[in-house]
Amino acid sequence: VEQTRTHLREARHLPGFYYTSPEIFAREIETIFLREWLCVGRVEEFENAGDYHAMRIAGEPIVICRDNDMRLHAFRNLCAHRGVEVAVGQGNSKRFTCRYHGWTYTLDGKLNGAPHSDEVSGFDFKTCGLPTVRLDTWGGYIFINFDPQCRTLGECLDEDGVRDFAAFLQPENTRTSDKFEFEVPCNWKFVPENLMDMYHVGVIHQTSFGGYFPVNDFRYNLCGRGFNAVYESYTMAPSGVTLFRSMPWLDGKVNDKFACSTWLRPTMNLFGRHDLIQPWVATPIDVNRTHVTIYTQLPEEFFDEPGFAEKNAIYADFIRFVATEDEAMLESLQTGASSRGFAPGPTVNLERAIH
């Protein structure tokens, strides 16, 4: 670790066991994922009262929903009786019902029915409900935090300069046009590291979006415990040519090779192009497996234009192709970290954000 923390030009990457140790992974869950703000979706995924999405974050079952007053909630997805999950998958519902014993809960988390409760004494059914999890939003993204004593989302974003940097992208004025989810057999840290790694872009992605990427001019801006960067690259479409046009608020302010990136720690990498926004969100499953979600976001007015569905499908196919390029390398990184023969190599300037 001393070699990792020394000056960039003399540093080495982390030893492999940091990506393979169950003990380190368990500590990361306790000190990072149960204490930091985590992105869990977009507000437009919950447009109607009753919309919900059940998921597991760091092994903890949660459910995000919108109640009848159109308020967003995050609850621990645990029945107050035996802990069975009361919501499964995603969809729209008027209530949540435990499949085990039939206890029911309203959309604002209150218990409103428990069979045979009249047989019980010494238990307060009136104040019983689904445990709440802190929820906040920024830019149309939904974040949760398991720590009831945590700092505000705004304080954390501002510590790393995220809101100031990304404000010009106006993510709140976009909608999700595509959501791609997949599982990759690697430790969660490899996903954000790979997305910060500009060293590999001209190699792995040479035939996709990396064909134009002037690496010699690339500069990281380290800010707080994060980073941001403005650079040049093709947009995320075949041949690097937009099928739409620049987002209205960027029109005339950037060129068609505009690109930017920032990191919302611990697991959200946000990318901007002149015509779209494309965040990647990594969620750990276990020490060797990670769930990845890639959103493609476009201005709302694009959705009503002729040929939108056909153009959007081309964008969706392209990001899946790019993700496949990365996925093979992420699996190989995990294999290397697990090898007894692995010795961490040196860091270079294009890995400065990882360092």
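**Salt bridges, pockets and cavities in the predicted model**

Arg 163 pairs with Asp 158 in a salt bridge whose closest N and O atoms are 2.6 Å apart; a salt bridge here is a side-chain nitrogen of Lys or Arg within 4 Å of a carboxyl oxygen of Asp or Glu. The structure is a predicted model, in which local features need pLDDT of at least 70 and side-chain atom pairs count only at pLDDT 80 or more, while totals for chains, interfaces and linings use all residues. Residues are numbered from 1 along each chain as its sequence is written, and side-chain values use heavy atoms, with hydrogens and water left out.

Both partners of this pair are partly exposed, with relative accessible areas of 33% for Arg 163 and 40% for Asp 158 (buried, under 20% relative accessible area; exposed, over 50%; partly exposed, in between; 1.4 Å probe, protein chains only). In total, the structure holds 19 salt bridges. Another of them joins Glu 183 to Arg 289, with the closest N and O atoms 3.3 Å apart. Because Glu 183 lies in strand 11 (residues 174-184) and Arg 289 in strand 17 (residues 289-299), this pair ties together parts that are 106 residues apart in sequence. Helices (H or I, at least four residues) and strands (E, at least two) are DSSP runs, numbered from the N terminus. Glu 183 is partly exposed at 39% relative accessible area, and Arg 289 is partly exposed at 33%. Elsewhere, shared partners link Glu 36, Arg 151, Glu 159, Asp 160, Arg 225 and Arg 265 into one network of salt bridges. The side chains of Asp 108 and Lys 110 also meet in a salt bridge, at 3.2 Å from N to O; Asp 108 is partly exposed, with a relative accessibility of 26%.

A polar atom of the Arg 66 side chain does, however, lie 2.7 Å from the backbone oxygen of Met 70.

On a 1 Å grid over the protein atoms alone, a cavity is a set of points where a 1.4 Å probe fits but cannot get out, and a pocket is an open set with protein on both sides within 12 Å along at least five of seven lines; lining residues have an atom within 4 Å of a point. Grid points are joined across faces, edges and corners, and a volume is the space filled by probe spheres set on the points.

The largest pocket has a volume of about 1200 Å³. Its lining comprises 33 residues, with Leu 14, Ile 32, Lys 189, Trp 263 and Ile 354 nearest the centre. At least two lining residues come from each of helix 1 (2-5), helix 2 (17-20), helix 3 (22-33), helix 6 (190-196) and strand 13 (226-232). Helix 3 contributes the largest share, five residues. By class, this lining has 15 nonpolar, seven polar and eleven charged residues (Ala, Val, Leu, Ile, Met, Phe, Trp, Tyr, Cys and Pro count as nonpolar, Asp, Glu, Lys and Arg as charged, and the others, Gly among them, as polar).

The second largest pocket, of about 470 Å³, is lined by 20 residues, of which His 13, Phe 190, Asp 197, Leu 333 and Glu 351 lie nearest its centre. Helix 6 and helix 8 (308-338) each supply at least two residues of this lining, and helix 8 gives the most, with four. Twelve of the lining residues are nonpolar, five polar and three charged.

Three cavities of 30 Å³ or more were found in a search of the whole structure. The largest cavity has a volume of about 200 Å³. Among its 18 lining residues, Leu 195, Phe 209, Met 236, Phe 271 and Arg 273 lie nearest the centre. Helix 6, strand 15 (268-273), strand 16 (277-286) and helix 8 each supply at least two residues of the lining of the largest cavity, which by class has eleven nonpolar, four polar and three charged residues.

The second largest cavity has a volume of about 130 Å³. Trp 37, Cys 156, Leu 157, Leu 264 and Arg 265 are the closest to its centre of the 16 residues that line it. Helix 4 (153-159) provides the largest share of this lining, three residues. The lining of the second largest cavity has twelve nonpolar, one polar and three charged residues.

How values were computed. A polar contact is a pair of N or O atoms within 3.5 Å; within protein, one must be able to donate a hydrogen and the other to accept it, and residues adjacent in sequence count only if both atoms are side-chain atoms.
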